[in-house]
Amino acid sequence: MNIYDVSKKAGVSIATVSRVINGNANVSDKTRQKVLNVMTELGYTPNVFARGLGLNTMKTIGIMCADSSDPFLANAVYHLERNLRKNGYDSFLCCTGYELAARQNYLKLLLSKRVDAIILVGSNYLEPSKKDNQYIADAAKEVPVMLINGYLSHPNIYCTLCDDYQAVYDNTRKLIRQGYQRPLFLYCSRSYSSLQKLSGFQDALAAEGLSAAEEYAQMCGNDIMQAKDLLLCLHSRGFLFDAVFGAEDVLAVGAVKYAGALGLRIPDDLAVIGYNNSILAVCSEPELTSIDNHVETLSLTTVATLMRVFTGSDAPNRTTISGELVRRRTTPAWSDGYSGGQQDTRVKV
């Protein structure tokens with residue numbers, strides 16, 4: 001028996017049950033009594049850990065990420081741990097890899113540690129099949145589950161994400177309007193985020209009257225040299241493209257190395273845009289234009305939302321922020337009303 005069962009039986013939100021248990025005054029007497037009656041009927045008593053309810057809490061949050069060497073995930077974990085500590089919470093970090101079975105086992109492990117909530121970092125935790133996401137929904141029956149950069153509609157799951165679709169859509173159209181008529185999209189997974197970016201790219205081509213042929217969206221490993229080699233292979237087969245939009249900065253850096261191998265001028269012969277605005281963007285030569293998906297803001301918002309859940313305050317199940325173009329040397333200045341041409345010029349999309 002858990003708080004989810006009480007919520008369902010009483011016909012109120014989990015937050016309302018939390019308010020009743022915490023003695024929050026912002027609950028009507030009628031609703032309070034209804035919830036208390038259901039708790040008595042079901043024999044539900046908050047355990048000594050009172051997960052997520054602020055009573056005798058373990059003050060510990062479980063964090064799951066696939067790969068702590070990934071720049072985006074590493075930055076997110078850093079900001080999460082830092083801000084959780086500011087709010088008086090410690091954390092357990094599990095680097096789960098990308099296999100579904102491993103992710104399921106790690107989530108069970110965190111629940112066994114009596115954590116107060118679980119934060120899933122990265123959209124790779126969402127599977128195309130609904131049944132493969134059931135383990136996340138089941139966990140949300142016990143503790144709040146926070147999801148960064150993905151969306152899953154379910155009670156007690158709270159999602160914070162960047163509008164990846166719109167960022168790619170807008171900037172692909174800008175590339176095309178600059179005269180790049182054969183842009184190529186590189187991506188390395190079929191995660192929720194990657195598919196949003198892919199859809200934005202394909203819809204932008206259609207909006208500009210260009211063919212959205214499958215060949216102009218290529219999947220490869222999340223590796224600089226693999227991206228470079230794939231582009232060299234496409235070139236050797238006579239496949240023509242004049243711009244590369246990487247779903248990750250690492251893929252865009254591979255495109256820069258491809259251009260260097262062939263002596264292409266950037267951005268005259270080949271324009272390149274990356275995604276995440278990671279340290280790779282400034283390590284690249286020339287420095288890489290990239291979409292900043294504001295990993296710090298995503299992390300801060302996630303922690304702020306979680307604190308609202310813990311106090312029984314209303315918390316949005318979905319919070320979306322806008323991406324921001326950081327223009328450097330791999331794209332020309334836009335001529336559509338946006339100022340540009342300077343290094344590290346930020347333009348909201």
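Predicted model: local features only at pLDDT ≥ 70, side-chain atom pairs only at ≥ 80, totals over all residues.
Entry one, helix 9 with helix 10.
I began with helix 9, which covers residues 224-236, and helix 10, which covers residues 249-262, and found that they pack at an angle of about 50° with their axes 7 Å apart. I therefore recorded the two as oblique to each other, and I noted that their crossing is right-handed. I then listed the residues that make the contact: helix 9 contributes I224, M225, A227, K228, L231, L232 and H235, while helix 10 contributes V250, L251, V253, G254, A255, K257, Y258, A261 and L262. Sorting this contact by class gave me twelve nonpolar, two polar and two charged residues.

Entry two, helix 4 with helix 12.
I next turned to helix 4, at residues 71-86, and helix 12, at residues 295-310, whose axes lie 9 Å apart and whose packing angle is about 40°. The crossing of helix 4 past helix 12 is right-handed. On the helix 4 side I wrote down F72, N75, A76, H79, L80, N83 and L84, which meet V295, E296, L298, S299, L300, T302, V303, L306 and M307 of helix 12.

Key:
Residues numbered from 1 in each chain as written. Heavy atoms only, no water. Axes fitted to C-alpha atoms, helices over the stretch in contact; angles between N-to-C directions. Helix = DSSP H or I, 4+ residues; strand = E, 2+ residues; numbered from the N terminus. Parallel < 35°, antiparallel > 145°, perpendicular 65-115°, else oblique. Left-handed = near helix turned anticlockwise from the far one by under 90°. Contact = heavy atoms within 4.5 Å. Nonpolar A, V, L, I, M, F, W, Y, C, P; charged D, E, K, R; others polar.
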